[in-house]
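Please look through the sequence and the model below before reading on.

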Amino acid sequence: MSDTFLYTTPLDPRAKPLIDELIHEYDSRYGTYFNAEGAAAELNRYPPEAFAPPHGNFLLLIRNGETIGGGAFKHYDDRTAEFKRIWTRSDLRRQGLARKVLVELEAQAARQGYTRIYLTTGFRQPEAVGLYLNYGYTALFDTSADPEIYKSLPFEKDITHLVPPAFGAEAAEPRLRVAGANL
């Protein structure tokens, strides 16, 4: 069993499982709470180019030819990448795959020159809240309050320590990496 990261685009056919399951998951948790058109409208809110280098990136976690996880980031401001679409296949959860994706996205954002991460998750996603709090993210909301009052739960993390001394165009566009490899 070998996990690899593939840097690609949301239009890649291998991204379809990620997109389809995100739509299903968001619709089952939120219905039309955020948008009358459901999760598809949210997922289509940003063009694929928003997740392309040099300002963004989109990755898939592949195991034995199957997409089992993924995530993306886009430009938020000059020092901040905004993480989006962090996902793992529902039948493979609780195995550390989301953490793998998160760590790889942080490393790639740093390779592209970002020093801060910003992300939001929904109030009906306690698993995501736990993941971010356990991996050094600071909640930008009162964690003791009922999360539904906020609807969207923002987090941030400083990744200055991950930024390589010199980063260039070749660092911005890795195509394939072994998951967990320190390359």
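The sections below describe this structure, which is a predicted model.

## The chain as a whole

The chain holds five helices and eight strands, and, followed along the sequence, these come in the pattern β-α-α-β-β-β-α-β-α-β-β-α-β. Of the contacts between residues at least 6 apart in sequence, 68% join residues at least 24 apart.

Buried residues account for 47% of the 183 residues in the chain. The chain exposes about 9,400 Å², and carbon and sulfur atoms supply 53% of that area.

## The nonpolar cores

The largest nonpolar core has 29 residues, and those with the most contacts inside it are Phe 83, Ala 109, Ile 117, Tyr 132, Tyr 137 and Phe 155. Among the elements that give two or more residues to this core are the strands β1 (3-7), β2 (57-63), β3 (66-77) and β4 (80-88), together with helix α4 (126-134). Helix α3 gives the most, with six residues. Apart from this core there is a second, separate one of 14 residues, which includes Leu 6, Leu 18, Ile 62 and Ala 72.

## Helix α3

Does the length of helix α3 agree or disagree with what its number of residues leads one to expect? At 1.5 Å a residue, the 15 residues of α3 (residues 97-111) should span 21 Å, and because the C-alpha atoms at its ends are 21 Å apart, the two values agree.

The buried residues of α3 include Leu 97, Val 101, Leu 102, Leu 105 and Ala 109, but also Glu 104, Glu 106, Gln 108 and Arg 111. In an α-helix there are 3.6 residues a turn, so residues three or four places apart point the same way. Just after α3, Gly 113 takes a positive phi of about 95°.

## The largest pocket

The largest pocket contains about 1,200 Å³ of space. Its lining is made of 45 residues, and Tyr 26, Ile 86, Thr 121, Gln 125 and Ala 128 are the ones that lie nearest its centre. Elements that each supply at least two residues of this lining include α1 (16-30), α2 (39-43), α3 and α4, while the largest share, seven residues, comes from β4.

Asp 158 lies in strand β7 and is partly exposed, with a relative accessible area of 44%. Leaving aside neighbours within four places in sequence, Asp 158 is in contact with Arg 79 and Thr 115. Thr 115 is 43 residues away from Asp 158 in sequence, yet their C-alpha atoms are 6.0 Å apart in space.

Most residues other than glycine have a negative phi, and most peptide bonds are trans. The peptide bond from Pro 53 to Pro 54 is cis, with omega near 15°, and Pro 54 is in the loop between α2 and β2.

Asn 64, in the loop between β2 and β3, has a positive phi of about 50° although it is not a glycine; because its relative accessibility is 61%, Asn 64 counts as exposed. Arg 94, in the loop between β4 and α3, likewise has a positive phi, near 70°, and at 84% relative accessibility Arg 94 counts as exposed.

How values were computed: Residues numbered from 1 in each chain as written. Predicted model: local features only at pLDDT ≥ 70, side-chain atom pairs only at ≥ 80, totals over all residues. Heavy atoms only, no water. Helix = DSSP H or I, 4+ residues; strand = E, 2+ residues; numbered from the N terminus. Expected span 1.5 Å × (residues − 1). Buried < 20%, exposed > 50% of the residue type's maximum accessible area, 1.4 Å probe, protein only. Core = buried A, V, L, I, M, F, W, Y, C linked by side-chain atoms within 4.5 Å. Contact = heavy atoms within 4.5 Å. Areas by Shrake-Rupley, 256 points an atom, 1.4 Å probe, with all protein chains shown as cover. 1 Å grid on protein atoms, 1.4 Å probe; cavity = no way out; pocket = protein on both sides within 12 Å on 5 of 7 lines; lining within 4 Å. Points joined across faces, edges and corners; volume = space filled by probe spheres on them.
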